[in-house]
Amino acid sequence: MYKRLSRPKGLPIRSSIVGKKSETQEPDVLSMIQQRDFSGAIAVLEFYKKMGKEHPKLRSNLSWLAYCCFHLGEYHKALDCLTELYEQTKDPFIHLHNACCFYFIGDYEDAYSEAMQGPNCALQNRILFHLADKLQKEKLMNDCHKKINESNIEDQLSLAAMHYSRNQFQLAVNIYKNILLDDSSFEALHVYVAMCYYKLDFFDISLEVINGYLQKYPESPIALNLKACNISKTYSGKKAESILQPILELQHVSHTPENYLIKHNLVVFRNGENALAQLPALINDLPEARLNLVIYHLRNGDVDEAYDLIKDLEPVKANEYILKAVVNACKGQAHDSREHLKNAEHYFQLVAHAYAGNYKEAEKILQAVQEDDYRRDYIFNSWMARCYIMNGKPELAWELYLKMETSIDAMNLLQLIANDCYKIGSFYYSAKAFDVLERLDSNPEYWEGKRGACIGVFQQIVIGKEPSETLRDIVHMLKNSSREEKNIILQIIAKWAHENNLISP
């Protein structure tokens with residue numbers, strides 16, 4: 001949901017160039033750029049470009065026009081300016097600037113090609129560092145990482161951005177805080193810190209940090225947008241939308257086009273309202289727009305539409321792998337396609353191995369599937385159960401099992417619940433699952449699992465991590481077994497219950 005957003009300030013540029021005919025003062029483009037009024041600066045520079053003149057205070061209209069377009073997020077327009085500039089100057093550094101534009105467009109192959117044509121310098125290394133990650137060129141990435149200079153702030157910011165893109169948000173925070181300790185004038189880094197805390201689901205901390213920044217820069221769209229994202233998580237989309245009102249009013253007053261990120265976030269805050277009207281036009285500018293449009297189609301049962309949108313997407317991030325897996329599972333279920341079901345299992349396995357721990361995002365995407373037919377599919381239920389367990393909701397995973405009819409799939413889901421709950425120390429539901437498995441199959445491994453899980457629950461009761469009321473359930477499960485060694489465990493439990501004035505189970 002969150003990405004770079006320009007921070008325009010001041011009045012619309014037309015008020016600076018339309019006035020008394022006797023006025024001869026040139027619009028101060030450099031001041032506009034310093035104030036991040038890129039829309040105003042672009043209007044002035046394009047005026048001079050159409051007149052075939054250079055601005056008297058600037059060395060190159062085209063280079064500044066490309067700069068402003070880039071920082072306003074108009075990357076295609078920036079590329080057009082850079083192409084024209086290269087035809088005039090043949091400056092090799094323009095290849096690196098082209099690479100930056102292609103990177104933000106998401107065209108990593110063209111970005112790599114341009115970067116390789118640029119001069120060997122720190123900027124080229126930073127660009128290749130991030131492209132290597134996107135293109136999964138591990139050797140190149142390691143080579144570039146070795147060249148990152150610990151004393152170079154731009155290099156350190158690049159490294160922090162890499163940590164951020166790899167979901168290593170705390171490492172990014174550490175870099176930002178170290179820079180701020182050395183030089184507190186880098187005030188915008190407080191926004192980056194708040195972004196990291198937002199991604200870590202520390203919404204209250206993120207709000208505290210961003211509110212501090214907003215006290216000094218109350219009209220900052222990037223900060224207001226991040227605050228709105230936090231509010232949407234902690235309160236409601238409606239309240240989040242009200243935070244964006246100053247940005248919307250500024251766009252209206254200055255007659256500037258509505259920023260694509262704001263348009264996207266309004267759809268999210270409104271729970272998908274106007275998704276079909278707004279998101280398709282944003283797909284090329286904002287990768288999240290494609291993903292949220294896929295989720296919208298899933299929620300509305302339009303599996304084929306969702307599949308068409310995501311089939312050519314090469315997943316890089318965890319949420320992309322998860323969403324592609326879910327869509328393939330739904331497609332396979334809808335068309336009885338074994339191929340798509342295999343693809344779904346493949347993507348789920350990839351994300352499990354490569355992005356362990358990102359289960360909150362996985363749960364959110366899986367919850368978007370509304371069709372009952374898809375929700376009854378074993379692949380869906382197995383991953384939904386795993387997400388519930390890893391997110392500390394094993395009772396919901398157990399409810400998934402209870403809703404299933406007796407079958408091989410139900411048996412497999414029981415095994416998943418039993419083992420995953422055991423791994424994370426949720427012994428009560430692990431014991432419940434192993435208990436059912438042991439009664440269905442006399443495999444000694446099920447008894448061993450149940451015995452360990454029951455002892456684990458008992459230990460948690462002793463130290464106060466489980467309510468004593470669960471003791472009765474554990475005793476009942478142990479008594480279900482035909483194994484003789486259950487009696488030793490039952491005697492220990494009875495002795496402890498007596499000594500602690502509990503009714504003997």
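Guide: Start at D201, which sits in the loop between α12 (189–199) and α13 (203–216). Helices are DSSP runs of H or I with at least four residues, strands are E runs of at least two, and both are numbered from the N terminus. This is a predicted model, in which local features need pLDDT of at least 70 and side-chain atom pairs count only at pLDDT 80 or more, while totals for chains, interfaces and linings use all residues. Residues are numbered from 1 along each chain as its sequence is written, and side-chain values use heavy atoms, with hydrogens and water left out.

Visitor: Is D201 buried, partly exposed or exposed?

Guide: Buried means under 20% relative accessible area, exposed means over 50%, and partly exposed lies in between, with a 1.4 Å probe and protein chains only. D201 has a relative accessible area of 32%, so it is partly exposed. K57, in the loop between α3 (38–50) and α4 (61–71), counts as exposed at 56% relative accessibility. K57 is 28 residues from V29 in sequence, and their C-alpha atoms are 8.3 Å apart.

Visitor: How many helices and strands does the protein chain have, and what share of its residues is buried?

Guide: The protein chain has 31 helices and zero strands. Of its 505 residues, 47% count as buried. Contact means heavy atoms within 4.5 Å. Among contacts with a separation of 6 or more, 51% join residues 24 or more positions apart.

Visitor: How many residues of α12 are buried, and which helices do they pack against?

Guide: Eight of the 11 residues of α12 are buried, so this helix is largely enclosed by the rest of the structure. They are L189, V191, V193, A194, M195, C196, Y197 and Y198. These residues pack against α10, α11, α13 and α14 (221–234).

Visitor: At what angle do α10 and α11 cross?

Guide: Two packed helices are described by the angle between their axes and the distance between the axes. Axes are lines fitted to C-alpha atoms, for helices over the stretch in contact, and angles run from 0 to 180 degrees between N-to-C directions. The axes of α10 (residues 153–165) and α11 (residues 169–182) come within 7 Å and cross at roughly 160°. The two are therefore roughly antiparallel, a term for angles over 145 degrees. Their crossing is left-handed, meaning that the near helix is turned anticlockwise from the far one by less than a right angle. Residues of α10 at the contact include L157, A160, A161 and Y164, which meet residues of α11 including F169, A172, I175 and I179.

Visitor: How far apart are the axes of α30 and α31?

Guide: The axes of α30 (residues 470–480) and α31 (residues 486–499) are 10 Å apart, and the helices pack at about 160°. That makes α30 roughly antiparallel to α31. On the α30 side the contact is made by L471, I474, V475, L478 and K479, and on the α31 side by K486, I489, L490, I493, W496 and A497. The crossing of α30 and α31 is left-handed.

Visitor: Which residues have the most contacts inside the largest nonpolar core?

Guide: A nonpolar core is a set of buried Ala, Val, Leu, Ile, Met, Phe, Trp, Tyr and Cys residues joined through side-chain atoms within 4.5 Å. The largest one has 162 residues, and L298, V326, I417 and I474 have the most contacts inside it. Neighbours within four places in sequence aside, V326 is in contact with L298, F348, I365, L366 and V369.

Note on methods:
Parallel < 35°, antiparallel > 145°, perpendicular 65-115°, else oblique.
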